[in-house]
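User: Please take a close look at the part of this model around the ligand. Then place it against the rest of the fold.

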Amino acid sequence: MLTSPTPIAAVASLAALAFEPSLLSKLNQLGPRYTSYPTADRFSDAFGVEAYEQAVSDRRAMGARHALSLYLHIPFCDTVCYYCACNKVVSKNLNKAALYLTYLKREIEMQAALFQGMNQVEQLHFGGGTPTYLSDRQMNELMAHLHQHFQFAPDQLGEYSIEVDPRTVTPKRIVTLRRQGFNRLSLGVQDFDHAVQKAVNRIQAEEDTLRIIDAARFAGFRSVSIDLIYGLPKQSLTSIAQTLDKVIAAAPDRIAIYNYAHMPHLFKPQRRIADSDLPTPASKIDMLFLCIQRLTAAGYVYIGMDHFAKPDDDLAIAQRQGRLHRNFQGYSTHAEADLVSCGVSAISAVGASYSQNEKTLEAYYERLDRQLLPIARGIKLSMDDLLRRLIIQHLMCHFELSPASIEMAHPIKFAEYFAKELAQLKLLEADGLLLLEDDWISVTMKGRLLIRNICMVFDRYLDPVKDPVRYSKTI
Ligand code: SF4
């Protein structure tokens, strides 16, 4: 692939990134994050178990065996964070997790049977909710079950990651997780500032987080990642700067800085956040600039959207080599892998299809009680979907696009097929977000910050006028 992404610090100063307030409010639209295309709100219940099985069998018929990526969703949390938009079950009743695991294991067996002969796993991710809600014993049993039903690549080749809430684990537990087969750890931090933590109901002592990072290094985890959020209530440039200093001192391999999307009409816990405590879009952009400035000055590579990595981290290497991919967990190095996801609400991506499991525990259990995979909805991608997915992926991961390379892979004349889109891109070019040349579309530094706006041009389904409440603001 023809790509040569450049670290943002090498080509832009903060002044070059400054937005006119009027442009900022014009571009601050509602839009998807493109962890998939088409986005999950386009999935339909006309796509069910049969269509999923057909997608697996099409994959089998193609002959070439790709390694699998497995995702397991553990939906339970001890307490609720007010900013949360995840599918989770807040409960202190540990029996709920025990019941869930019996069903999850059943689903794992069914998926393994379907993928028999092509069940080599190179990537495993435990997300939630809070995966560390499970006890050591429950995790041991679940990992043993996975290994009984899937073939795992050796530790040095596979990426086996788990999201860890530092409030739920001890350094000893971290050593156990490494022994259980995990080699990558992602820690939820959000912000070290106490006022912000209080405003979002997530009090997390800084010393505990740092102790867990030390324990992960001691235990031999290959990579430690920290998740932060900007745009939270009570957050300011000063609080963000202090948090960044502490994070940089802790030197994680990857840092994700997510944009808080305040959508209380969709996510009930967010109703506990007062609008008046939220930073303005202009100060959110300043926060993002500050993050980019501080992290790139500290030697991190800006991967895109919300991700930073050390130059020798697999993500940065994959981007340099044009192998970067985007999926439901954000950026990924495994472009060719089918994603098989188990658990309530989990989304799989197999061949030219996406499918999502039932979203409530009751419906998820009910399907499995009937010996059915708990798939509730999905979509089979058309040729047009695949083409647009390729373009959106490319823009998200590499910030440039060669229409000629698209024409080589698809039987279209780019300028004709995307005439309407090119006219829209011209307007974004005038706003300074990209450069349109005959043989390249190149995203500028400003455009990188608003890459969602650029990708939205290629989204055939998008109709923010008809569906204004489904998406978050792009800033
Ligand atoms: S943010 Fe994470 S830990 Fe907090 S409630 Fe949501 S899923 Fe649970």
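**The ligand shell and beyond**

Analyst: The shell around the ligand is made up of 6 nonpolar residues, 3 polar and 1 charged. This is a predicted model. The residues surrounding the ligand are C77, T79, V80, C81, Y83, C84, C86, G129, T130 and R202.

Next comes helix α4. Helix α4 covers residues 94-114, 21 residues in all. From first C-alpha to last it reaches 31 Å, close to the 30 Å expected at 1.5 Å a residue. N93 caps the N-terminal end of α4. A side-chain oxygen there lies 3.0 Å from the backbone nitrogen of N95. Several α4 residues are buried, including A97, Y100, L101, L104, I108 and M110. K105, E107 and Q111 are also among the buried residues of α4. An α-helix has 3.6 residues a turn, so residues three or four places apart point the same way.

Now the packing. The largest nonpolar core holds 83 residues, and F126 and I174 touch the most other members. Beyond its neighbours within four places in sequence, F126 contacts Y71, L72, I74, P131, M139, L142, M143, L146, S161, I162, E163 and F182. Apart from this core lies another, of 39 residues, with L324, I391, I441 and V443 among them. In soluble globular proteins, nonpolar side chains tend to be buried together.

Last, a loop residue. E437 sits in the loop between β20 (434-436) and β21 (441-443). E437 counts as partly exposed because its relative accessibility is 47%, between the 20% and 50% cut-offs. E437 and S402 are 35 residues apart in sequence, and 9.6 Å apart in space from C-alpha to C-alpha.

Key. Residues are numbered from 1 along each chain as its sequence is written. This is a predicted model: local features need pLDDT of at least 70, side-chain atom pairs count only at pLDDT 80 or more; totals for chains, interfaces and linings use all residues. Side-chain values use heavy atoms; hydrogens and water are left out. A residue is near a molecule or strand if one of its heavy atoms lies within 4 Å of it. Ala, Val, Leu, Ile, Met, Phe, Trp, Tyr, Cys and Pro count as nonpolar, Asp, Glu, Lys and Arg as charged, and the others, Gly among them, as polar. Helices (H or I, at least four residues) and strands (E, at least two) are DSSP runs, numbered from the N terminus. The expected span of a helix is 1.5 Å times one less than its number of residues. Buried means under 20% relative accessible area, exposed over 50%, partly exposed in between (1.4 Å probe, protein chains only). A polar contact is a pair of N or O atoms within 3.5 Å; within protein, one must be able to donate a hydrogen and the other to accept it, and residues adjacent in sequence count only if both atoms are side-chain atoms. A nonpolar core is a set of buried Ala, Val, Leu, Ile, Met, Phe, Trp, Tyr and Cys residues joined through side-chain atoms within 4.5 Å. Contact means heavy atoms within 4.5 Å.
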